[in-house]
Number of protein chains: 2
Amino acid sequence: MPKDPAKPATILDVAARAGVSKSAASLALRGTGYVSAAKREAVLAAAAELGYRPNAAARAMGSARSGTVGVILDDLRNPWFVPAVEGLSEGLHEAGLRPLLGDWRLEGAALAERFLELRVEALVLVGTLDGAESALPALPPVPVVQVGAAQAQVPGAAAVTNDDGEGARRVVRHLAALGHRRIAHLAARGTAVGEARLAGFADECARLGVASVTVEAGLTEEAGRRAALALLGSGAREDTPRGDADRPTAVFAVNDMAALGALSAAEELGLRIPADLSLAGYDDTPAARLRAVGLTSVDNASREAGRVAARMLADRIARPGLAPETVLLEPELKARSSTAAPGTP
Amino acid sequence: MPKDPAKPATILDVAARAGVSKSAASLALRGTGYVSAAKREAVLAAAAELGYRPNAAARAMGSARSGTVGVILDDLRNPWFVPAVEGLSEGLHEAGLRPLLGDWRLEGAALAERFLELRVEALVLVGTLDGAESALPALPPVPVVQVGAAQAQVPGAAAVTNDDGEGARRVVRHLAALGHRRIAHLAARGTAVGEARLAGFADECARLGVASVTVEAGLTEEAGRRAALALLGSGAREDTPRGDADRPTAVFAVNDMAALGALSAAEELGLRIPADLSLAGYDDTPAARLRAVGLTSVDNASREAGRVAARMLADRIARPGLAPETVLLEPELKARSSTAAPGTP
DNA sequence: TTCGTGTATGGGAACGTTCCAATATGTCCC
DNA sequence: GGGACATATTGGAACGTTCCCATACACGAA
């Protein structure tokens, strides 16, 4: 029936088939403005028969609104962002916006450029993007909201993130309540989350009068393993009373990956978890939740962060001049089998 | 300098500033056709000064080519797709195409519709999408390639996937070579991967004359744990010689998640891995690679699958009539500490 | 009647790019 | 000197929508 079966039907084809003007067809398809019920039905029927699919490019050009938001994910390998994206997606839908996803590691700054060429109405940065400060346009033409990073990486961007300092404090309180008096921290200095968690850790240890040791590790499993071996191995090797007395009874790692590395180290050293050593991580990743692992961790309110980000973003699209704003959300401690009172069999 | 500072510069602004026609500006910016070096430089300079960013919507309309490909991911929570997406992304770049990502669980069929409205030049389905058969358009106007699913879910789609039967056979060969003569399989009937792996398992056991037991489990950790408890628990409880003799010395789970569930079950039953029981999974997920877990698994050549998918897709964009085709890729066994000869201390 | 006002309807312009055809200007070779 | 051909440049049409404005009709109020 269409003139050229290879080419998709346009709104003109639909209008012609329904016997109305293209304007009426446009109005009927979008459900806005004044169209008689009879015409609306005729248009809808014609569209269905022709398999009409509106051309998003043409729509974006006509209306100067694309209805889409570019979402730049830090790293697909670390699925910690999933709840955040879910919350974000929900919030966007309510605002009539649709997300478009991309991976920063895969494409880098070209991704942001591409989204801007697609005329997204806003950009969402999820996580701390490597080198984003220099690679992203210093003055993006659309509002930017960053979620899950300790600090906005683009000047003027709004941010919603988790209170990592508070999360670390809660871990310390949990361990102290169990009776631990000497707690070690596997840190990741130089990273935003690392600094925030370290500060919270040191702060709360001092406040509670708990002895603290900090060892530089990093955010990966291997870094956690090495740091834990260095921390726990020396005492064990010497096998002196002093060495044992000095050894911390609990380790709080900067994230779950590092904690899992420490778990391996403990195993290698013959330390039982939690009898000889309590272990806590951060991020509440799926691996931590595995029954065979049972790692005490901190659950970021990421889903909520995503929802808040969507709201901020809708506000900023409606009123572009809005001032930068940073929202901190409270994390939640998830106590599991890797932490217990010292000496528990 | 621009007429209206709020509005982004267009190619007409650039052309005016460089003192050339819009056609020359277009040619210079794209680097095609004939433009003198002097004009090219003038145009590039003007574009930089104005912060010109081409409008993708207008470009797509003018050229009838969007240069993008819609990638529909089954589930962001299961990052097994990451290597596939990486390979795909690489391959697409070489073909001058750019991926746009979306999550099937988050948006469902509306996502495909949206991609088609954006006039993507092809669709890539990653994994087995829940209910895709009925929800996706039966006759999509663009080529469809499915990667990582045992069977294409859209009629006429090309598919590239891993040879799950062969992977299962390799696991059996590995275990048999270690000396195991009684191997159990935690299956997931009714799923595409489950059936393929079960078939390979049964096949190879029969070929090698190894006793096999199959227990229905599922694809999740909890399903694996329950099935393993039922399988291993009964014999252990009775504590009779017959019970022990009957107990399989190795368990091959349909995927890593189920294997990790079985790992928990073994721990609960006091079975040591690999001394009392060898354990193998499938997919070679990050969790399996954790040193504290060390799960023998099968590595799908997912990265390669992504690259192959990109090539198939470029072919099909160039020649739309191409026949459906299915490519099977060979998986690789990753032996780790969870498998050993029976009775190894 | 005449004037608004709410409801319908359609024609034309606009959006920003690419593509195409038309037109110059050489430059080389017979 | 005159095609043939590569190089260079340009204006106009086309892409498929939405938006704006002009128009038409009906109805009630002044």
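Modeller: The axes are lines fitted to C-alpha atoms, for helices over the stretch in contact, and the angles run from 0 to 180 degrees between N-to-C directions. Helices (H or I, at least four residues) and strands (E, at least two) are DSSP runs, numbered from the N terminus. This is a predicted model, in which local features need pLDDT of at least 70 and side-chain atom pairs count only at pLDDT 80 or more, whereas totals for chains, interfaces and linings use all residues. Residues are numbered from 1 along each chain as its sequence is written, and chains are lettered from A and ligands numbered from 1 in the order in which they are written.

Colleague: At what angle do helix 1 of chain B and helix 2 of chain B pack?

Modeller: The angle is about 100°, and the axes of the two helices lie 8 Å apart. Helix 1 of chain B and helix 2 of chain B are therefore roughly perpendicular to each other. Contact requires C-beta atoms, placed from the backbone, within 7 Å. On this criterion, helix 1 of chain B contributes Ile11(B), Leu12(B), Val14(B), Ala15(B) and Ala18(B), while helix 2 of chain B contributes Lys22(B), Ala24(B), Ala25(B) and Ser26(B). For classes, Ala, Val, Leu, Ile, Met, Phe, Trp, Tyr, Cys and Pro count as nonpolar, Asp, Glu, Lys and Arg as charged, and the others, Gly among them, as polar. The contact of these two helices thus has seven nonpolar, one polar and one charged residues.

Colleague: Which residues come nearest to DNA strand C?

Modeller: A residue is near a strand or molecule if its C-beta atom, placed from the backbone, lies within 6 Å of it. Of the 26 residues around DNA strand C, the nearest are Ser21(A), Thr10(B), Ile11(B), Ser26(B) and Gly62(B). Helix 4 of chain B provides the largest share of this surface, five residues. By class, the surface near DNA strand C has 10 nonpolar, 11 polar and five charged residues.

Colleague: Which residues come nearest to DNA strand D?

Modeller: Among the 26 residues around DNA strand D, they are Ile11(A), Ser26(A), Gly62(A), Ser23(B) and Ser36(B). At least two residues of this surface come from each of helix 1 (11-18), helix 2 (22-30) and helix 4 (56-63) of chain A, and from each of helix 2 (22-30) and helix 4 (56-63) of chain B. Helix 4 of chain A gives the most, with five residues. The classes number 10 nonpolar, 11 polar and five charged residues.

Colleague: In what order do the strands of the open sheet in chain A lie?

Modeller: Strands of a sheet pair through backbone hydrogen bonds, either parallel or antiparallel. Two strands pair if DSSP finds at least two bridges between them. In chain A, four strands form an open sheet in the order 7-6-8-9, with parallel pairing. Strand 7 (211-216) and strand 9 (278-280) of chain A are at the edges with a single partner strand each, so one side of each has no neighbour in the sheet. Six bridges join strand 6 (residues 182-187) of chain A to strand 7 of chain A, and Arg182(A) has Ala211(A) as its bridge partner. Helix 9 (residues 164-178) of chain A lies across strand 6, strand 8 (250-253) and strand 9 of chain A, at about 165° to strand 9.

Colleague: Where does a cis peptide bond occur in chain A?

Modeller: It joins Ile273(A) and Pro274(A), with omega about 0°. Pro274(A) lies in the loop between helix 13 (256-268) and strand 9 of chain A. In chain B, the peptide bond from Ile273(B) to Pro274(B) is cis, with omega near 5°.

Technical notes. Parallel < 35°, antiparallel > 145°, perpendicular 65-115°, else oblique. Contact = placed C-beta atoms within 7 Å.
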